[in-house]
Amino acid sequence: MVERYVMSVDQGTNSTRCILFDHRGRLVSVAQKEHQQHFPKPGWVEHDAVEIWQNLRRVVPEALSDAGVDQDQIAAIGLANQRETTVLWDRRTGAPLGRALVWQDTRTAPLVDALGEDPGEAFFLDRCGLPPSTYFSALRIRWLFDHVKGVEQRARDGEVLFGTMESWLIWNLTGGTDGGLHITDVTNASRTMLMNIRKLAWDEELLDFFRVPRSMLPEIRSSAESYGEARSLLPGVSITAALGDQQAALFGQTCFSPGDAKCTYGTGSFLLLNTGSDLVRSRHGLLTTVAYKIGDQQPAYALEGSIAVTGALVQWFRDRLGLISSAPEIETLARTVEDNGGCYIVPAFSGLFAPRWRSDARGVIVGLTSYITKGHLARAVLEATGWQTREVVDAMNADSSVALHQLKVDGGMTADNLLMQFVADVLDVPVVRPMVAETVSLGAAYAAGLAAGYWPDLEVLRRNWHKAGQWLPAMDPERREAEYDNWQRAVERSLGWVRPPRPS
């Protein structure tokens, strides 16, 4: 019998990956290609959507070739994607109307400030579960309408399509200008500020408020169902899943029960807590989001704490400061000292996300003395990720009826043992890493395989999960709280740095 596999496409912030998984959830082959990051102005972050589509066209054949697998052996394709990143393209030609605006981009900050005053945060929280923030797609669409001549009218005339990256890739995979499917799934739609979080449909009041025509929006589908067949790249292969990358990681970590939580440590870090069928309204700065929806089953919801800068701080330390030549070196450098020497780094490069949501914050280094070495700075870089995680977990424990008892972790930063030990220490709970670190890709594969009948049920997926590493808390409680107090004082010094322009 010919072995069959599920193909996962992970279109992330820095690269596009194609991974094949087998029945036991094991990684069979992987191909990856980075794309260029464009920073045209301070706070602006852009990607070339055409480059990303071309990169997908390169990595798919490479992954198949490396595994010695024919495309007929692919049971289904699942996609995971960087969320909120906004692409507008011409319905007739398929050409993007400029570069994609990335989730990290902060150019919409003035609009966020205005929305916070009128109509106010409650208007949005009630409808879409999200506060006004530079994070979400609707504000990027509005910015493009306001700043790119003719785009809004063309959208009203039905000439322009909007999508996040999974919509853009599925449209191209299924024919593009020749009948390509214009769809999204509930997890990605829940990050636009345009979908009603209860009805899982585009919200008329939100569309009217942002003046976004419905004709440019993709059809909202569940996270795992048969969308259609690829016509380009993998002709005839079924596309059966799409999830935002963090929801995919929750799925890949098999966090299927209320109270299960995971944190993905990548460019930013994202902690999601499964709340089941309960739509929990956060009172402490977290996001209410859709975790996943399998076929016609009821959706599962989650509370999410989004941290804008974690791995990106290590990249900054490497690329902008030149203090290390590769990311793994930061652990070695940090181990040259016993502690942070009284130095704290708050990486508010694009403001602060959960639980504070302060777009006026900017990065600070506090506690500098002549004693501080690059080793202390390296340790402060890693500790910033731990303390930001602690703030989010405190908010989750305050919002949820079930206190966090264990944190499942994944992503590139989990290879740093010093960091993972620090996270366990500051949370005072065990931190556990699975055998398969590529949980975003695995989650997309699991959802696709479920929809295609490759796996029969969630219980089989649970049995595939195996522990690879565990870190147990070992920090003295008094030290933990003293250091946390220092961190919070450092954060206070990052706030209010960006001031509104003075009236002319």
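Trainee: At which residues does UniProt place the feature "binding site" that takes in Gln246?

Mentor: A quick word on the model before the record. This is a predicted model, in which local features need pLDDT of at least 70 and side-chain atom pairs count only at pLDDT 80 or more, while totals for chains, interfaces and linings use all residues. Residues are numbered from 1 along each chain as its sequence is written, and side-chain values use heavy atoms, with hydrogens and water left out. Now the record: the unreviewed UniProt entry puts a "binding site" at Arg83, Glu84, Tyr135, Asp245 and Gln246. Another "binding site" annotation from UniProt, also unreviewed, covers Thr13, Arg83, Glu84, Tyr135 and Asp245. Read both with care: UniProt positions follow the numbering used here, feature names are shortened, and annotations may be inferred rather than shown by experiment.

Trainee: How should I read Tyr135: is Tyr135 buried or exposed?

Mentor: Buried means under 20% relative accessible area, exposed means over 50%, and partly exposed lies in between, using a 1.4 Å probe and protein chains only. Tyr135 has a relative accessible area of 0%, so Tyr135 is buried. Tyr135 sits in the loop between helix H2 (109-128) and helix H3 (137-147). Helices here are DSSP runs of H or I with at least four residues, strands are runs of E with at least two, and both are numbered from the N terminus.

Trainee: And which residues does Tyr135 contact, beyond its neighbours within four places in sequence?

Mentor: Contact means heavy atoms within 4.5 Å. With those neighbours set aside, the partners of Tyr135 include Arg83, Glu84, Trp103, Arg140 and Arg191. Glu304, Phe353 and Trp357 are also among the residues that Tyr135 contacts.

Trainee: Where do Asp245 and Gln246 lie?

Mentor: Asp245 belongs to helix H8 (residues 245-252), and Gln246 is placed in helix H8 too. Asp245 counts as buried because its relative accessibility is 11%, and Gln246 counts as buried at 4%. Leaving out residues within four places in sequence, Asp245 contacts Ala80, Asn81, Gln82, Arg83 and Val440.

Trainee: What about Thr13: where does Thr13 lie?

Mentor: Look in the loop between strand S1 (5-11) and strand S2 (15-21). With a relative accessibility of 8%, Thr13 counts as buried. Apart from neighbours within four places in sequence, Thr13 has contacts with His35, Gln37, His47, Gln82, Val102, Trp103, Gln104 and Thr267.

Trainee: Turning to helix packing, at what angle do H1 and H5 pack?

Mentor: Axes are lines fitted to C-alpha atoms, for helices over the stretch in contact, and angles run from 0 to 180 degrees between N-to-C directions. Helix H1 (residues 49-67) and helix H5 (residues 165-173) pack at about 60°, with axes 11 Å apart. That makes H1 oblique to H5, since angles under 35 degrees count as roughly parallel, over 145 as roughly antiparallel, 65 to 115 as roughly perpendicular and the rest as oblique. From H1, Ala49, Val50, Ile52, Trp53 and Leu56 make the contact, and from H5, Met165, Trp168, Leu169, Asn172 and Leu173.

Trainee: How many residues of H5 are buried?

Mentor: Nine of its nine residues, so H5 is mostly covered. Glu166 and Ser167 are among the buried residues of H5. Gly175 follows H5 with a positive phi near 125°.
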